[in-house]
Amino acid sequence: MRIIFAGTPEFARVALERLHASGHTIALVLTQPDRPAGRGMKLQSSSVKQFALEHGLPVAQPRSLKLDGKYPEDAAIARNAIADAKADVMVVAAYGLILPQWVLDEMSGSENMSAGGPHLDARTTLGGSSSHAVASVGAKFGCLNIHGSLLPRWRGAAPIHRAIEAGDAQTGVTIMQMDAGLDTGDMLFMHTMPIEPTDTTAALHDRMADLGGKLIVLALDQAAGGHLKPIRQPSEGITYAHKIEKHEAAIDWNLDAQTIVRRVRAFNPFPVATAMLDGAVIKVWSAQAAQVRPEDVADSATGSTAPGTILAVAPEGIAVAAMDSVVILTELQRSGGKRLAAADFLRGFTLQVGQVLA
């Protein structure tokens, strides 16, 4: 197949690599513009662009795809590039830009839908559930999205983070036929994956990226044979994975220990959970919940068990009071320093029992 690929971060790059290796023709790569990054704030290409350039694939980086938006000239150039690509399908993975209706129409060949062109069979089962009939996608295969959740749970921008934060036992990847809604399209493939008790977003992301790459290749193989069979998403169980904001990184010690630890895991590697001590920011990369009461750990000399109070300091970790029990901080980083295990962190940063983290 001739493919237009739209994606930006590492999650998307893995899928692009799989599609390229599987022998499909990558007619065009859409990715977000280069952004300042690092301490020097130098412009840095996305992971997808880096792969595309390494393999001689054509790249476009529009700031917007809205023809009537802030950057209509970018959208017009992208529209011409999409038309010139003469692609059979657009694959979208964590692109970061909304696809306007004109993109969906262009890739579905909507103007040819009455011409009797190839279409996808709309009756099938997925996970044991019978589908309803849906409209043909016309002469092309439309826009297929690699989404990092088991839809309709966690539609939106940050499904991996939010699944960990919420304490979900499992997640997965859904290959979805895109429509005008926010992750509301019909489902084509879905595969579940357990969330391990120690999983961070970084670790889960890598496994899901690999799974997404495998599933999209399978989906296109099925499409080429006329065997894709979409079903509509259930109307129950819809949740939204809102974009992660930097202010969420601040640890709220008034929460229960399990919630705090889940947030530490969910915000690794971004934005990284933080605590404040006397105006200094301490990043918390790893933590564990101890099933003990704060009063059972507190130093008798201080007697304080208020949330955020440091109860014990040891090479194995720093015990901090939460609302109901104790959080053990095991990997930390001071401002301008390196990410370190607790024992190494304590060699260069003094923490004392009775101090209170904000």
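Modeller: For sorting residues, Ala, Val, Leu, Ile, Met, Phe, Trp, Tyr, Cys and Pro count as nonpolar, Asp, Glu, Lys and Arg as charged, and the others, Gly among them, as polar. The model is predicted, with local features needing pLDDT of at least 70 and side-chain atom pairs pLDDT 80 or more, while totals for chains, interfaces and linings use all residues. Residues are numbered from 1 along each chain as its sequence is written, and side-chain values use heavy atoms, with hydrogens and water left out.

A cavity here is a set of points on a 1 Å grid over the protein atoms alone where a 1.4 Å probe fits but cannot get out; lining residues have an atom within 4 Å of a point. Grid points are joined across faces, edges and corners, and a volume is the space filled by probe spheres set on the points. The count comes to one cavity of 30 Å³ or more, and the largest cavity holds about 60 Å³. Its lining divides into eight nonpolar, no polar and three charged residues. Among the lining residues are Glu-248, Asp-252, Arg-263, Ile-251, Leu-255 and Phe-267. Helix H7 (residues 257-266) gives the largest share of that lining, three residues; helices (H or I, at least four residues) and strands (E, at least two) are DSSP runs, numbered from the N terminus.

Glu-248, from this lining, also forms a salt bridge with Arg-162 at 2.9 Å, N to O. That pair links distant parts of the chain, 86 residues apart: Glu-248 sits in the loop between strand S13 (240-241) and H7, and Arg-162 in helix H5 (residues 159-166). A salt bridge is a side-chain nitrogen of Lys or Arg within 4 Å of a carboxyl oxygen of Asp or Glu. Both Glu-248 and Arg-162 are buried, where buried means under 20% relative accessible area, exposed over 50%, and partly exposed in between (1.4 Å probe, protein chains only). Arg-162 and Glu-248 belong to a network of salt bridges with Glu-165 and Arg-263, and Arg-263 is another lining residue of the largest cavity.

Elsewhere, the count of salt bridges comes to 15. One of them joins Asp-210 and Arg-18, with the closest N and O atoms 2.5 Å apart. Asp-210 lies in helix H6 (residues 201-224) and Arg-18 in helix H1 (residues 10-21), so the pair ties together parts 192 residues apart in sequence. Asp-210 is partly exposed at 28% relative accessibility, and Arg-18 is partly exposed at 31%.

Note on methods: 1 Å grid on protein atoms, 1.4 Å probe; cavity = no way out; pocket = protein on both sides within 12 Å on 5 of 7 lines; lining within 4 Å.
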